[in-house]
Amino acid sequence: MQFHHHGYVSQDPRIVAAAGTGIDRPADLPDEMDVLIVGSGPAGMLLAAQMSQYPSVTTRIIEKREGRLVLGQADGIQPRSVETFQAFGFAERIVAEAYNIGWMNFWGPDPENPGSIVRTSRTEDYGYKISEFPHLIVNQARVLDYFAEAAAHGPGRIVPDYGVEFAGLTVHDEGEYPVEVLVRTATGERTVRAKYVVGCDGARSGVREAIGRKHVGAFSAHAWGVLDVLVNTDFPDWRTKCAINAEAGNILHIPREGGYLSRVYVDLGEVAADDNHRVRQTPIEKIIEKANEILHPYALDVKEIAWHSVYEVGHRVTDGFDDAPDAEGSPRVFLTGDACHTHSAKAGQGMNVSMQDGFNLGWKLGSVLSGRSPESLLATYSAERQPVAQQLIDFDREWSSLMARKPEEISDPQDLATYYLATAEFPSGFMTQYAPSAITGDAAHQALAAGFPIGKRFKSSEVVRVCDGNVVHLGHHAKADGRWRVYAFADSGGVRVREWAAAVSPMIARVTPADADADAVIDAKVIYQEPFDDLEQLSAPELFLPRTGPLGLMDWEKVYSAAPNAWSRSDIFDEREVSRAGAVVVVRPDQYVAAVLPLDGVAALESFLDGVFLPA
């Protein structure tokens, strides 16, 4: 963590000074604002935390609840989400309180006594096999707390306006604040106006209804009961994630944070066509009884139920993620999370994909409203996130079907475990790959850095910080502050990277406000091939030694060595298949690789940046 660049700091450095709209922020919802976020779920709170990094933009978030969420329904946190938490500054703290999924066990009928279950296999979880970040279980309410903290401690000082309910909107054809929004509070109704509105208001989204978007899809004829319980049990794998298939039905069992709490998804079987959702009234006693039938010969003695529900599996995607009539239109209203995609909870993807919706949209809104990028950037939100939602639905439909099978429908007891590991990249959050667009280049030079696939998230690796010899993860230096990253992988000897830096410096200056730090918009770093003790920090090009803050202090943390040393045996050039002739990797503010270019591809880089940025 870097601080003191604006002068000595003695308090918590995570609390940055208020700026812009964060100074003397009005307590009451104003009549006009740049961005109105409706709903304080995972997508909404991440979006608020991101927008707090743009203090020139007036952002408010309304929530009909009277206060913070006390008990969340979502709990699975994929490694990509933990990576995102790291960018927002709270990964270490939430990992410390979460349950880390290290293994997944599979149970099935005992061949000698089919009425009882036995363990059929044990497999390592996919988390650490794919990323340096773990696969976690933690209460959704705590995730929202951490994002709320990031929003409140950012320069924009954004906090939710609780007790304010969305009641409708109208998008006008003209005006500085064209979206007219009706809100309802305890004292009555009033109208406010916004430049943009984001519906993060769940599966029954009022924002979605207001813009005429429709959920496409249906509920399946299968129901599940879900419980958060404190129990005593003789089931030996109670603190290990388990998929249990028995003659009496199926259970997905997930231990939760704290060492005692567990979540249990209990198969309630097929639902009749004329049920009309009556299954949702299944008594809790019936669900517990069913769970004990499935677990035989083991038993659950339930001591406390923290939360429970019954749901029918639904797989639906909204027909558009914004209000633009076509791909060329200029959207004013956006949908995120459950407002635009719903599915079962068993794949543990809802909260995760919702947060990535918010991450994708946040920096785009901030860039447009702060004058960094053209308004056309906003059309890429729906274009990028709608295909991801469809992939989620397809994956969840297959996973749910496999989970709901009867024993006689299973030919190979190992196939669920095999599927779990074979598809690990998707539930870990790393399969998303955005198609070529104005903000994602083509693969013409992909071979120069094959380990950084264009359109996929930037996969970090260890490097050595030249200024002090410490081993750090290159990607972990990137925070969710709205900046683009440009990583220059130097040629041997560094001659060509010096020429590259001299040519690129004016381009970066052209899109950077005159009164801002040199790296306020584009953060450039260099990675040399030579050992760090053969390098001299101050011999690096000026581009990588910028002066920052009002004191003009030099930033020492932009020059790295890839060579192994006593503390690290990795070499990022080898690990990520980067050409020894050098390469340039451009990364978006949401951590996705936007372009891979050669060191002599200065014109191509300039062309790309011209499509992303407006002159400062």
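Tutor: Buried means under 20% relative accessible area, exposed means over 50%, and partly exposed lies in between. Keep those cut-offs at hand; the model here is predicted.

Student: Why is Asp 161 called buried?

Tutor: Its relative accessibility is 9%. The limit is under 20%, so Asp 161 counts as buried.

Student: What makes Asp 161 and Arg 60 a salt bridge?

Tutor: The N to O distance between their side chains is 2.9 Å. The rule asks for a Lys or Arg side-chain nitrogen within 4 Å of an Asp or Glu carboxyl oxygen. The pair of Arg 60 and Asp 161 therefore qualifies.

Student: What does that pair tie together?

Tutor: Arg 60 sits in strand β2 (residues 59-63) and Asp 161 in strand β8 (residues 161-162), so the bridge joins parts 101 residues apart in sequence. Arg 60 is buried too, at 2% relative accessible area.

Student: How do you know that Asp 34 and Lys 195 form a salt bridge?

Tutor: Their side chains meet at 3.2 Å, N to O. The cut-off is 4 Å, so this pair passes. Asp 34 belongs to strand β1 (residues 32-38) and Lys 195 to strand β11 (residues 188-199), so parts 161 residues apart in sequence are tied together.

Student: Are those two partners buried or exposed?

Tutor: Asp 34 has 8% relative accessible area. Lys 195 has 18%. The limit is under 20%, so Asp 34 is buried and Lys 195 is buried.

Student: Why is Glu 606 called partly exposed?

Tutor: Its relative accessible area is 30%. Buried needs under 20% and exposed needs over 50%, so Glu 606 falls in between. Arg 510, at 38%, is partly exposed as well.

Student: How many salt bridges does the rule give?

Tutor: The count is 44. Some are linked in a network, whose members include Asp 481, Arg 483, Asp 523 and Lys 558.

Student: How do you know that the length of helix α5 agrees with its residue count?

Tutor: Helix α5 (residues 140-153) has 14 residues. The expected span is 1.5 Å times one less than the number of residues. That should give 20 Å, and the end C-alpha atoms are 20 Å apart, which agrees.

Student: What do the buried residues of α5 pack against?

Tutor: Their partners are α1 (42-51), β3, α2 (79-88), α3 (91-97) and α8 (350-369). Phe 147 is one of those buried residues. Phe 147 is also among the residues with the most contacts inside the largest nonpolar core, along with Trp 484 and Trp 500. That core has 109 residues. A second, separate core has 24, including Ile 288 and Val 310.

Student: Why are β3 and β4 called edge strands?

Tutor: The open sheet runs β3-β7-β4, with antiparallel pairing. β3 (76-77) and β4 (99-100) each have a single partner strand, so one side of each lacks a neighbour in the sheet.

Student: What makes β3 and β7 a pair?

Tutor: They share two bridges, in the antiparallel sense. Pairing requires at least two, so β3 and β7 (residues 136-137) meet the rule. Within this pair, Gly 76 stands opposite Ile 137.

Note on methods
Residues numbered from 1 in each chain as written. Predicted model: local features only at pLDDT ≥ 70, side-chain atom pairs only at ≥ 80, totals over all residues. Heavy atoms only, no water. Core = buried A, V, L, I, M, F, W, Y, C linked by side-chain atoms within 4.5 Å. Buried < 20%, exposed > 50% of the residue type's maximum accessible area, 1.4 Å probe, protein only. Helix = DSSP H or I, 4+ residues; strand = E, 2+ residues; numbered from the N terminus. Contact = heavy atoms within 4.5 Å.
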